[in-house]
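Trainee: Please take a close look at one part of this protein for me. I would like to see how that part sits within the whole.

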Amino acid sequence: VLQSSYLVAPVLAWGLDRQALRGGMSAPPRTRHLWAAAIVLAAVAGLAGSLVALACVCIAASTAAITIERGVGMARRSLVRFVVVSLLVQAWILLASTALYVAHVDDVTWWLAVYVAPAPVLLGLAALDRARRPGPTTGPSRTSLGYMVGGVSSMLAGRVERLLLPVLSSTHQLGLYMAIATASEMIAWAARGLGESRVSDYVDRELTRTQLARLAVKDLLWFGLAAVPVAVGLFLVVVPLLGPSFSSTRSLVIPLCAASVAWCVYLQMSSRWLGAASAARSVSLDLATTGVTTVLVCVLVPFYDALGAALACLVAYSVMSVVAVALAPRGASRPTT
């Protein structure tokens, strides 16, 4: 449900998050389309009796709303609203999940409810904010549609192996993979934020491919250093805590940490393309990365299971980072829409 909701979220956001990152908004983004679509889809899921679909829609709506808030904050260099909202949501998830764990609650309905609960609260905050600050807003457009495709492509590029792993191997292998991937991708959280903070600067900034290559190498070194304590923590703390049934995940630690570092570098190169290229050209990079990753996953997972997924991501992100530098666009003029 969580992995699916992350893919639905960019569709509900309709590219306003990525358009905001480029500084391409003369007015605050309008989120009525997001919540209207979510309410309709949630109602259909409820009438159909599908708890999974209902949860997916609600989680996707929350994710989309927070992502748009982050895009606006990054472009304006003011992240107070985003940080406050994001921390409150994450604190709720942590505390509620801990309570369910302590209470030995096994019913998945309650665990899904933890992630669903923020949606109505965020909807209420959006309505209150609109009532308090009336005025012109920026809604979905053809421009944002292009960025929406880019958002979906980027999300697929980073998560397609998790969707294919249970199909090509088993849900057991997905569980082993996620146990390590969830922790190893912590460095990618900072990397995504760094990349998004650079997008608006890339709109006006001219960079030669040599300069971009140097930046990529510098980022590689910093992210590589950050991955070392993460890998050590996985070996010495996380795997032992998971118990004997997860002992085989030790073989995943190094490949997944390396893949996370490669993904971090790719995110910086993708940000360059988002800021300096047209929407169509930026989308082409993420689509190509999704395609390369998908092919490698389909080739390696049937033979190596979860390890194959990790190796596929490592190779795909490394190769596409090099491609992104080699074919990097020049600077673009700042949008005025």
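Mentor: With 337 residues, a compact globule would have a radius of gyration near 20 Å, and the protein agrees with this at 20 Å. That radius is taken over C-alpha atoms, and the globule rule is 2.2 Å times the number of residues to the power 0.38. The model is predicted, so local features need pLDDT of at least 70 and side-chain atom pairs count only at pLDDT 80 or more, while totals for chains, interfaces and linings use all residues. Residues are numbered from 1 along each chain as its sequence is written, and side-chain values use heavy atoms, with hydrogens and water left out.

Along its principal axes, the C-alpha trace spans about 60 × 55 × 30 Å. The protein has 13 helices and 0 strands; helices (H or I, at least four residues) and strands (E, at least two) are DSSP runs, numbered from the N terminus.

The part to look at is V57, which is found in helix 4, residues 51-76. V57 is buried, with a relative accessible area of 11%. Buried means under 20% relative accessible area, exposed over 50%, and partly exposed in between, with a 1.4 Å probe and protein chains only. Across the protein, buried residues make up 46% of the 337 residues.

What does V57 touch, leaving aside its neighbours within four places in sequence? V57 is in contact with L12, A38, L41 and A42, where contact means heavy atoms within 4.5 Å. V57 and A119 are 62 residues apart in sequence, yet their C-alpha atoms are 9.3 Å apart in space. For the whole protein, among contacts with a separation of 6 or more, 81% are between residues 24 or more positions apart.

The cysteines can be treated briefly. A disulfide is a covalent bond between the sulfur atoms of two cysteines. Counted as a pair of cysteine sulfur atoms within 2.5 Å, disulfides number 0 in the structure. C257 is in no disulfide, and the nearest cysteine sulfur, that of C264, is 10 Å away. Like V57, C257 is buried, with a relative accessible area of 5%. C313 is in no disulfide either; its nearest cysteine sulfur belongs to C298 and is 12 Å away. C313 also counts as buried, at 2% relative accessibility.
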